[in-house]
Amino acid sequence: MKKRKFGLVLSSVLAASAILGACGTKDEEKPAKDSGNASSGESNKEEAFSVAMVTDVGGVDDKSFNQSAWEGVQAYGKEHNLKRGEGGFDYLQSKTDADYETNLNNLLRRNFDLVYGIGYMMADAVDAVASENPEKHFALIDAEVKADNVVNVLFKEQEGAFLAGVAAAKMSKTGKVGFVGGVDIPVINRFEAGFVEGAKAVNPKIEIKSKYTGAFDKADLGKITANSMYSSGVDVIFHAAGATGNGVFSEAKERKKKDPDANVWVIGVDADQYEEGKVDDKTNVTLTSMLKGVNTAVVDISNKAKNGEFPGGKTLTYGLAEDGVKLADSRGAIPADVQTVIDEYKEKIAKGEIKVPEKVKK
């Protein structure tokens, strides 16, 4: 930057020189091209705060929390006129858990100012890399580590899942609903606990089948599990399984294609998965989705860090009261009377009148 300013001063002093003037013009054009900004390239380069993330094994296009986090990173980049790549924003995708530390370190070597680890499975890697790089800033989604240079981001998934349970139980015609989880870990346990509580709140006799597939990236396991549940009489399945949940949608859509009158529904997770449930232009098996504001949290924390307010060493938790979790628009799949019941429970939970447990009561 000092070299640039010196060049600009020299150009102004020797403006009469055509050669130096041409060199100055060439220098001026380079940063404008690199920054992608026609109006304030140099100013933005001085103020640029770069952000990047590492996905877990579910992948950036899991149509769930990794994808939501990436949407947040991109939104932050767009807000600040940044381009993908060094000095802007980016992501690295993990194929196995062995990639976590490697990817985090790769982003540090590329000098990103804030690096996100997405998902509970990345806790150990973020902890290790953060301790080795105390001058760097990290954010961890869905887990906690104790470090002054890490901000932990948690959600009250059980609160949003409670509403999903209410919707499932009210919409079920068989009195049987299902939950398909990914890995059996605390964050997924919260989804299950809320779903069970919500379903039982409106139908104490509801039958709930729960199954953990043990993976977030195995659509085939999701499909097999959904097949078993639907075959047993379950007509609404709520999944919290990342890309594994894509298989749940596949099974539901196949059944709906074979029998247009079949009452089979899927409740999506993390992001609005309406498009994932599309059978044709008139038919969709997505009842609703339990949204988790990972994208909103990423933008919020990135801006805090950019403004010198990085909340290192803290755990930020987003629930219904903070608009951190909620149900997506059902596009008419949920009738008005059922929606009224859902909204009543939402208000009670947000006010603290109902405390939703984080684990299924035995």
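User: Before we look at single residues, what does contact mean here?

Analyst: Contact means heavy atoms within 4.5 Å. Keep in mind that this is a predicted model. With that cut-off, Y116 touches V51, A52, M53, V54, L104, A139, I141, V298, I301 and S302, leaving aside residues up to four places away in sequence.

User: Which nonpolar core residues have the most contacts inside the largest core?

Analyst: They are L114, Y116, F191 and F238, in a core of 65 residues. Helix α7 (residues 157–171) supplies the largest share of this core, 9 residues. Another core lies apart from it, with 21 residues, among them L92, Y100, V129 and L140.

User: How do I set this against the whole chain?

Analyst: Start with the elements: the chain has 12 helices and 12 strands. Of its 362 residues, 51% count as buried. Then look at sequence separation: among contacts between residues at least 6 apart in sequence, 68% join residues at least 24 apart.

User: Which residues lie nearest the centre of the largest cavity?

Analyst: Look for F65, D142, V187, I188 and F216, which belong to a lining of 18 residues. Two elements, α8 (186–202) and β9 (265–270), each give two or more residues to that lining. The largest share, 3 residues, comes from α8.

User: What is the lining of the largest cavity like by class?

Analyst: Sorted by class, the lining has 11 nonpolar, 3 polar and 4 charged residues.

User: What does the side chain of N284 reach?

Analyst: Follow the side chain to two backbone atoms. One is the backbone oxygen of Y274, at 2.8 Å. The other is the backbone nitrogen of T286, also at 2.8 Å.

User: And which residues does N284 touch?

Analyst: Leaving aside residues up to four places away in sequence, N284 touches W265, Y274, G277, K278 and V279.

Notes. Residues are numbered from 1 along each chain as its sequence is written. This is a predicted model: local features need pLDDT of at least 70, side-chain atom pairs count only at pLDDT 80 or more; totals for chains, interfaces and linings use all residues. Side-chain values use heavy atoms; hydrogens and water are left out. On a 1 Å grid over the protein atoms alone, a cavity is a set of points where a 1.4 Å probe fits but cannot get out, and a pocket is an open set with protein on both sides within 12 Å along at least five of seven lines; lining residues have an atom within 4 Å of a point. Helices (H or I, at least four residues) and strands (E, at least two) are DSSP runs, numbered from the N terminus. Ala, Val, Leu, Ile, Met, Phe, Trp, Tyr, Cys and Pro count as nonpolar, Asp, Glu, Lys and Arg as charged, and the others, Gly among them, as polar. A nonpolar core is a set of buried Ala, Val, Leu, Ile, Met, Phe, Trp, Tyr and Cys residues joined through side-chain atoms within 4.5 Å. Buried means under 20% relative accessible area, exposed over 50%, partly exposed in between (1.4 Å probe, protein chains only). A polar contact is a pair of N or O atoms within 3.5 Å; within protein, one must be able to donate a hydrogen and the other to accept it, and residues adjacent in sequence count only if both atoms are side-chain atoms.
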